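Please look over the sequence and the structure before reading on.

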Amino acid sequence: EANSLRLRFGSCNLPSGSYLVMTSLADGGSQRLDADSLAAWSFYSAVFNGGEVRIELFAAANSHANRVVLTQLEVGLEIGSLPTDDLCGADDRQPQPLAAIGRQYPTGCTVWLANDFTAVTAGHCTRTAGGQIHFNVPPSSSTGVPRFPHPDDQYPYEAGTLMTLDNGPGKDWSVSRVAPNSNTGLYPGQ
């Protein structure tokens with residue numbers, strides 16, 4: 001009964017030409033990861049809608065010892081409904097069609113693209129291990145539960161590129177490089 005799943009892998013051996021394909025059984029969204037893209041994603045998958053994901057291992061011809069180990073499963077649960085008011089009154093936000101604006105996972109903070117591969121957000125939104133940026137985010141459910149875009153619109157942060165400052169108003173920023181999408185091979189700005 002989960003509304004979303006994200007997988008984390010441990011010790012994996014994917015020889016050249018071998019890869020994983022994970023597919024949401026709820027909406028058919030799929031992600032392909034080989035050894036290089038799995039490392040770029042910090043051994044996390046994209047976030048999939050629904051409570052079931054099929055994992056397939058495609059072994060390259062004449063390859064040996066193909067192996068993946070699933071170590072963690074992040075489960076999103078729909079718990080009650082969210083209030084209709086916030087600290088500023090009724091929520092009157094409107095969908096934003098600008099392609100250069102995304103949502104950071106798992107914090108939910110807004111992220112802007114400065115160029116094809118550089119993401120900017122608030123410093124207090126410092127990302128966690130396995131952090132991602134999602135674009136073309138669909139509307140949440142009627143009870144406020146987040147829904148996630150197709151894996152083609154999800155991107156990992158590039159490890160070791162975070163620069164951040166979290167010292168209050170005017171000194172609250174974060175800049176990081178974003179890795180290419182594992183399915184398309186493109187940066188988000190492309």
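## Strands and rings

Thr23 stands opposite Arg54, a residue of strand E5. The model is a predicted one, in which local features need pLDDT of at least 70 and side-chain atom pairs count only at pLDDT 80 or more, while totals for chains, interfaces and linings use all residues. Residues are numbered from 1 along each chain as its sequence is written, and side-chain values use heavy atoms, with hydrogens and water left out.

Strand E2, residues 19-24, runs antiparallel to E5 and is joined to E5 by six bridges; strands here are DSSP runs marked E of at least two residues, numbered from the N terminus, and two strands pair if DSSP finds at least two bridges between them. Three strands make up an open sheet with antiparallel pairing, in the order E3-E2-E5. Strand E3 (30-33) and strand E5 (53-58) are the edge strands, each pairing on one side only. On average, and with direction ignored, neighbouring strands of this sheet are turned by 15 degrees against each other, where axes are lines fitted to C-alpha atoms and angles run from 0 to 180 degrees between N-to-C directions.

A search of the whole structure finds four aromatic pairs. Rings of Phe, Tyr and Trp (its six-membered ring) pair if their centres lie within 6.5 Å, and planes under 30 degrees apart count as stacked, over 60 as edge-to-face and the rest as tilted. The table gives two of these pairs.

| Pair | Centre to centre | Angle between planes | Kind |
|---|---|---|---|
| Tyr19 and Phe58 | 5.0 Å | 15 degrees | stacked |
| Tyr105 and Phe148 | 5.7 Å | 80 degrees | edge-to-face |

Because Tyr19 lies in strand E2 and Phe58 in strand E5, their pair ties together parts that are 39 residues apart in sequence. Tyr19 is buried, with a relative accessible area of 19%, whereas Phe58, at 34%, is partly exposed; buried means under 20% relative accessible area, exposed over 50%, and partly exposed in between (1.4 Å probe, protein chains only).

The other pair links distant parts of the chain, 43 residues apart, with Tyr105 in strand E9 (residues 101-105) and Phe148 in the loop between strand E12 (132-134) and strand E13 (154-156). Tyr105 is buried, with a relative accessible area of 15%, and Phe148 is buried as well, at 7%.

Charges also sit over rings, a term used if NZ of Lys or CZ of Arg is within 6 Å of the ring centre and within 35 degrees of the ring normal. Arg32 lies over the face of Tyr19, at 3.5 Å from the ring centre, and Arg177 lies over the face of Phe117, at 4.2 Å from the centre of that ring.

Definitions and conventions:
Helix = DSSP H or I, 4+ residues; strand = E, 2+ residues; numbered from the N terminus.
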